[in-house]
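Hi,

Here is the structure I promised to pass on. Have a look at it first, and then read my notes below.

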Amino acid sequence: MLQDETQYDVPVKSSGSEQKSVVSTPSNLPPLQDRFGRTFDYVRIAITEKCNLRCTYCMPEEGVALKTKDEILTDDEILRLIRVLASIGIKKVRFTGGEPLVRKEIVKLVEGAAQTPGIKGIHLTTNGILYDRYAKDLREAGLTGVNISLDTMDPERFQTITRRAGVETVQRAIDMAIEVGMPRVKINVVLMRGFNEDELYKFTELTREKPVTVRFIEFMPFDAHQIWESGVHFASAESLVHQIEEFYPGIQNAPGTRTEHHTFQAPGYKGKIAVIPAFTRSLCGNCSRIRVTADGSIRNCLYSDLEYNLRDAMRAGASDDDMIALFRKAFAEKAKDGFESKKQSAAKKVKVSDIGRVSMTQIGG
Ligand code: SAM
Ligand code: SF4
């Protein structure tokens, strides 16, 4: 069975300085790099825009206008793009969405990715609602990591944030991921002042007995509902780190991934705690991610609205080399960081709404 061999762990606290890596690829083609020396070896693929929850910070209550089935990449197109990317050094794949488990072919996609030479880690980001149906099959198919999103352990608050019931189902999903022997289990918590910040300690305490990483993610203003302008506020990565250090005096730094601002482990605890500066963007220098939307557009940054239409190119007969050329173009044009990406999109007068994307479900969180 595929074990996660992606070398994403970095020693202790990251400084945000740019990565330096020497990368070889299975094809001996040059790896995917940008003009700032960053190497991209991790692709996040949204496999659907549909979702069975309606998180207030992500989706409007009525949902978003969905693309037709024909507009979404097929299984074969997804597996082809993974194979092509693997040839230029991509080692890690994450399936996301929308909610990736509403796409019934998920096990087949994981299996196909696991059989692709060069792919060393396959991960999933899910809200956990449907996870029990697939937990065992996904592990057997080669899934090596699962991030389960859970912002609160309180049933009423869960209903408020997701507009659906299901907190126990998600909690069970976390235990099930551990039980099936998933090598990496992470819990994604979007921390919001005035909403769930008081649960920070409850979440960090999960790491006492569970071998999971609890990741506190800064809230980003991507929602179609302007929750940003309501009573709910942003809690900065620095303020979260400060609170964690207060809860656990003398807590040690632990190895984390390139985009985890700080990773900690309390003495004697089985799991880890991490903070993700998604909004403050202090780790853009470490970026290694390629994003592909469910309808097949390449995005070189979460904060960029520039898109490169891979799906139409593939459907018009693009060769593998043509596909690689499109990825290289997209990453040659990548801005230095998320702030510059926003400016770049503004300068080119591209707006998310013009390309029909008003929610993280359409960008691929
Ligand atoms: N449906 C899956 C899930 O919720 O895990 C995968 C897609 S979701 C868009 C991926 C991640 O993005 C989730 O952990 C979610 O909490 C996070 N997310 C969505 N909107 C966000 C926002 N405005 N700010 C911060 N994180 C957000
Ligand atoms: Fe759905 Fe995930 Fe967005 Fe929540 S965060 S609405 S679960 S896609």
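The buried residues of H5 are Val167, Val170, Ala173, Ile174, Met176 and Ala177; buried here means under 20% relative accessible area, with exposed being over 50% and partly exposed in between, using a 1.4 Å probe and protein chains only. Their cover includes helix H3 (131-141), strand S4 (145-149), helix H4 (155-162) and S5, where a contact is a pair of heavy atoms within 4.5 Å. Helices (H or I, at least four residues) and strands (E, at least two) are DSSP runs, numbered from the N terminus.

Before you go further, note that this is a predicted model: local features need pLDDT of at least 70, side-chain atom pairs count only at pLDDT 80 or more, and totals for chains, interfaces and linings use all residues. Residues are numbered from 1 along each chain as its sequence is written, chains are lettered from A and ligands numbered from 1 in the order in which they are written, and side-chain values use heavy atoms, with hydrogens and water left out.

Back to H5 (residues 167-179): its 13 residues reach 19 Å from first C-alpha to last, close to the 18 Å expected at 1.5 Å a residue (the expected span is 1.5 Å times one less than the number of residues). After H5 comes glycine 181, with a positive phi near 80°.

Two arginines also have positive phi. Most residues other than glycine have a negative phi. Arginine 163, in the loop between H4 and H5, has a phi of about 60° and counts as buried at 14% relative accessibility. Arginine 281 sits in the loop between strand S10 (272-276) and strand S11 (289-292); its phi is near 55°, and at 11% relative accessibility arginine 281 is buried too.

What does the side chain of arginine 103 pair with in a polar contact? The partner is the side chain of aspartate 75, at 2.6 Å. (A polar contact is a pair of N or O atoms within 3.5 Å; within protein, one must be able to donate a hydrogen and the other to accept it, and residues adjacent in sequence count only if both atoms are side-chain atoms.) Arginine 103 lies in the loop between strand S2 (92-96) and helix H2 (106-114) and is buried, at 11% relative accessible area. Beyond its neighbours within four places in sequence, arginine 103 touches Ile47, Ile72, Leu73, Thr74, Asp75, Ile78 and Leu109.

Now the ligand. Ligand 1 has 17 residues around it, the closest being Tyr57, Gly98, Glu99, Ser149 and Met220; a residue counts if one of its heavy atoms lies within 4 Å. Strand S3 (121-126) and strand S5 (184-193) each give at least two residues to this shell. Some polar pairs to look at:

- A nitrogen atom of ligand 1 is 3.0 Å from a backbone N or O atom of glycine 98.
- A nitrogen atom of ligand 1 is 2.7 Å from a polar backbone atom of methionine 220.
- An oxygen atom of ligand 1 is 3.2 Å from a side-chain N or O atom of asparagine 188.

The protein covers 95% of the 540 Å² of accessible area that ligand 1 has on its own (areas come from the Shrake-Rupley method with a 1.4 Å probe; for residues, only the protein chains shown count as cover).

As for the whole chain, there are eleven helices and 13 strands, and 58% of the 365 residues are buried.

Cheers
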